[in-house]
Amino acid sequence: MTEISTSRSLRFQLFFASVSLHFISGFCDDSTDSKNSSKTKHDTVNNTGAKVVLILLGLIAVGLFSFFLFKLWHKKKRDEQYARLLKLFEEDDELELELGLRD
């Protein structure tokens, strides 16, 4: 039984190591030409900056949309509570007529 769990653990470790190596190899700089590397680095900085700005704008948009939805939900709940309060204190003429309290 321990041999099975050991082999599964070993398989998991090998899988994790291979996936990690794929990610690490994606981050390394393979450029060999110095002229192209400076231009490529400049382009990647602009590209990275644009990605960061887009992500921040997306997060701000999601935050504002969530705030708007919360305020809309809050207004709906407040209106429902106000309607329940009015219903609680409204005068019921039919009940008074049945009890003979009113003409």
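How many aromatic pairs does a search of the whole structure find? The search finds one aromatic pair, described below.

## Model and confidence

This is a predicted model, in which local features need pLDDT of at least 70, side-chain atom pairs count only at pLDDT 80 or more, and totals for chains, interfaces and linings use all residues. Residues are numbered from 1 along each chain as its sequence is written, and side-chain values use heavy atoms, with hydrogens and water left out.

The average pLDDT of the protein (the predictor's confidence in each residue, from 0 to 100) is 76, and 57% of the residues score at least 70.

## Fold and surface

The protein has three helices and zero strands, in the order α-α-α from the N terminus. Helices (H or I, at least four residues) and strands (E, at least two) are DSSP runs, numbered from the N terminus.

Of the 103 residues, 1% count as buried. Buried means under 20% relative accessible area, exposed over 50%, and partly exposed in between (1.4 Å probe, protein chains only). The accessible surface comes to about 10,300 Å², and carbon and sulfur atoms hold 65% of that area. Areas come from the Shrake-Rupley method with a 1.4 Å probe; for residues, only the protein chains shown count as cover.

## Annotated segment and nonpolar patch

An unreviewed UniProt entry places the feature "transmembrane region" at residues 52-70; such annotations may be inferred rather than shown by experiment. Over residues 52-70 the chain is 100% helix and 0% strand, with 27 Å between the end C-alpha atoms.

Val53, Leu54, Leu57, Ile60 and Leu64 make a nonpolar surface patch of about 510 Å². Leu64 is found in helix 2 (residues 34-89) and is exposed, at 55% relative accessible area.

## Aromatic pair

The one pair that the search finds is formed by Phe70 and Trp73; the pair is tilted, with 5.9 Å centre to centre and 35 degrees between the planes. Rings of Phe, Tyr and Trp (its six-membered ring) pair if their centres lie within 6.5 Å; planes under 30 degrees apart count as stacked, over 60 as edge-to-face and the rest as tilted.

Both residues lie in helix 2, three residues apart, about one turn of the helix. Phe70 counts as partly exposed at 43% relative accessibility, and Trp73 is partly exposed at 46%.

Note on methods. Patch = residues over 30% accessible without salt bridge, like charges linked within 9 Å, V, L, I, M, F, W, Y side chains within 5 Å. Salt bridge = Lys/Arg side-chain N within 4 Å of Asp/Glu carboxyl O.
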